[in-house]
Amino acid sequence: MVAVKTILGAMGGLLLAFTAAAQAHRMPEVYITLEDSNLGGEPITAVTLRLHAEDAIVLLSANNQPANNLETREEHKALAQLSVQGLTTNGETLSFLGGEVDGRAILLYLTASPTLKVIDSAILSTVYDQWTNHVMDRTQDGARDLVFTQGGELNHTH
């Protein structure tokens with residue numbers, strides 16, 4: 001019985017160690033969703049950026065921006081401005097609408113004209129050597145997924 005408890009204890013310890021290692025080596029990722037919508041009766045592209053809270057803090061801190069609790073409009077706006085700097089579009093500009101905390105994620109909401117296309121995405125590239133940006137284009141003309149990695153080069157499309 002003691003041997004079984006020892007083995008189970010060792011297995012539990014290994015599981016905790018592997019879980020901690022997996023969390024410590026989490027790939028910094030940003031999920032960007034583009035969708036057709038309207039605002040005040042006008043057609044727009046609704047843009048949602050989803051960042052892990054830890055990545056948001058790193059990005060804000062690296063740019064000398066306050067990152068107190070990530071729940072203020074000022075923090076969301078600063079984070080959106082920094083994130084937009086990592087996006088290359090077809091010349092369309094993005095406007096900040098708002099943001100919110102959702103568990104361990106920060107959701108930022110932006111708007112753009114209905115003709116918005118994301119050509120390159122390198123959000124987090126200024127603070128991490130390895131990162132991934134997923135662009136899920138759900139607009140009528142887009143309907144595709146793009147994955148960008150180091151340097152912002154297109155890594156995968158489907």
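How many bridges pair strand 4 with strand 5, and in which sense? Seven, and antiparallel. Keep in mind that this is a predicted model.

The protein chain has 158 residues, and 37% of them count as buried. It holds three helices and nine strands. From the N terminus, the order is α-β-β-α-α-β-β-β-β-β-β-β. Among contacts with a separation of 6 or more, 52% join residues 24 or more positions apart. The accessible surface is about 9,200 Å², and carbon and sulfur atoms make up 55% of that.

Back to strand 5. Strand 4, residues 95-102, forms a hairpin with strand 5, with two residues between them. Gly 103 sits in that turn, with a positive phi of about 70°. Along the pairing, Phe 96 stands opposite Leu 110 of strand 5. Strand 5 also pairs with strand 2, again antiparallel, over eight bridges. There, Arg 50 has Leu 107 as its bridge partner. Seven of the eight residues of strand 5 are buried, so the rest of the structure largely encloses it.

Now helix 2, residues 53-62. Its buried residues are Ala 53, Asp 55, Ala 56, Leu 59 and Leu 60. Why do they line one face? An α-helix has 3.6 residues a turn, so residues three or four places apart point the same way. What do the buried residues of helix 2 pack against? Strand 1, strand 2, helix 3 and strand 5. Just past the helix, Asn 64 adopts a positive phi of about 55°.

How values were computed. Residues numbered from 1 in each chain as written. Predicted model: local features only at pLDDT ≥ 70, side-chain atom pairs only at ≥ 80, totals over all residues. Heavy atoms only, no water. Buried < 20%, exposed > 50% of the residue type's maximum accessible area, 1.4 Å probe, protein only. Helix = DSSP H or I, 4+ residues; strand = E, 2+ residues; numbered from the N terminus. Contact = heavy atoms within 4.5 Å. Areas by Shrake-Rupley, 256 points an atom, 1.4 Å probe, with all protein chains shown as cover. Pairing = 2+ DSSP bridges.
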